[in-house]
Amino acid sequence: MTGAAAGHQTSTPGWEVVREYKGNGLRSRTFLVRSPDGERAIWKEFGAEYERYFQRELTALTSLREVDVHGVLPPLLEIGERYFVVPYFEHARRKRTFWYRMGYRLYPLWALRRIFASLEAFYEAGFELLDMGPKNALFDKQGRVMLIDFEFAFEGAARADVPFERSQTVRGPAPTWEDDVPHGEAAARDGGFYRRKWTLVTGLPVRSILRDSPFVQWLKRSAYWPAYYVGFLLQSIPAASRRRARRKAARAASASTEQDS
Ligand SMILES: Nc1ncnc2c1ncn2[C@@H]1O[C@H](COP(=O)(O)OP(=O)(O)O)[C@@H](O)[C@H]1O
Ligand SMILES: [Mg+2]
């Protein structure tokens, strides 16, 4: 398959493209591919101007292997010029379900313990991961966890005098951070990354995921999450109606330009 939508050519020798993922669009493109014997994999490639994002991701996927005690890093099946191939991971989270839309997105506690223990180990190995939200932390029904998307993994950025709970991996980029930051919400420098991206999914403070026993985590989540969830519902109703209004306005605008032309 070839294409040049993001300003760079795509061909996947040895693999057949099944579909493309909607991603950041600019820096990199991600494809679900299939080998001749039917094995599914992910092909991720980077635009020429985004070499450094590719290098960061590759560095993380190779250097962090030493400290990957929970086996959450995808093995590299192939590395090429600005692309790599990793196995496809069938994750259990289904975004199109009614309950997901209603904000019921809790990850199982076992998965969260492994995700955050891994992130802490990566931080202790010197890495700050600036875009590691629930979308990039996958788990499946067989009890496996996989972390993906290391474009914002910065080797050597972790600070020995800052504990993991206050790291940029947890809180988002600091006001003093001068390197690349992700687009959108994840770029906010108010320290609220975990609160915005993770709390609905964890239902627990990060400290509890790291330090409490499974039973205490379960107890705390039973108390903590419902209160958080009510807050989520209250703020998502106006947000949803704003989205509806925007869609309606966009439809009206495109209808009127059709009339004009
Ligand atoms: N190993 C994988 N297994 C399953 N899905 C994957 C895998 N790698 C990526 N994806 C899917 O592709 C999407 C985009 O890949 P990602 O590396 O997160 O790039 P982006 O920088 O565009 O977010 C992910 O959100 C996920 O849905
Ligand atoms: Mg991603």
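**Close-ups of a predicted model**

**View 1. The open sheet.** Five strands, in the order β1-β2-β3-β5-β4, make up an open sheet with antiparallel pairing. Strands here are DSSP runs (E, at least two residues), numbered from the N terminus, and two of them pair if DSSP finds at least two bridges between them. On the edges sit β1 (16-21) and β4 (78-80), each pairing on one side only. Neighbouring strands are turned by 25° against each other on average, direction ignored; axes are lines fitted to C-alpha atoms (for helices over the stretch in contact), with angles from 0 to 180 degrees between N-to-C directions. This is a predicted model, where local features need pLDDT of at least 70 and side-chain atom pairs count only at pLDDT 80 or more, while totals for chains, interfaces and linings use all residues. Residues are numbered from 1 along each chain as its sequence is written, and chains are lettered from A and ligands numbered from 1 in the order in which they are written.

**View 2. β2 meets β3.** Strands β2 (residues 28-34) and β3 (residues 40-46) run antiparallel, joined by 7 bridges. Take Ser28: its bridge partner in β3 is Phe46. Helix α1 (residues 51-63; helices are H or I runs of at least four residues) packs on the sheet and touches β2, β3, β4 and β5 (83-87). Touching means contact: C-beta atoms, placed from the backbone, within 7 Å. The helix direction makes about 140° with that of β3.

**View 3. Around ligand 1.** Of the 16 residues around ligand 1 (C-beta atom, placed from the backbone, within 6 Å), Tyr21, Gly23, Thr30, Phe89 and Asp149 come nearest. The elements giving two or more residues to this shell are β2 and β3.

Note on methods: Two residues are in contact if their C-beta atoms, placed from the backbone, lie within 7 Å.
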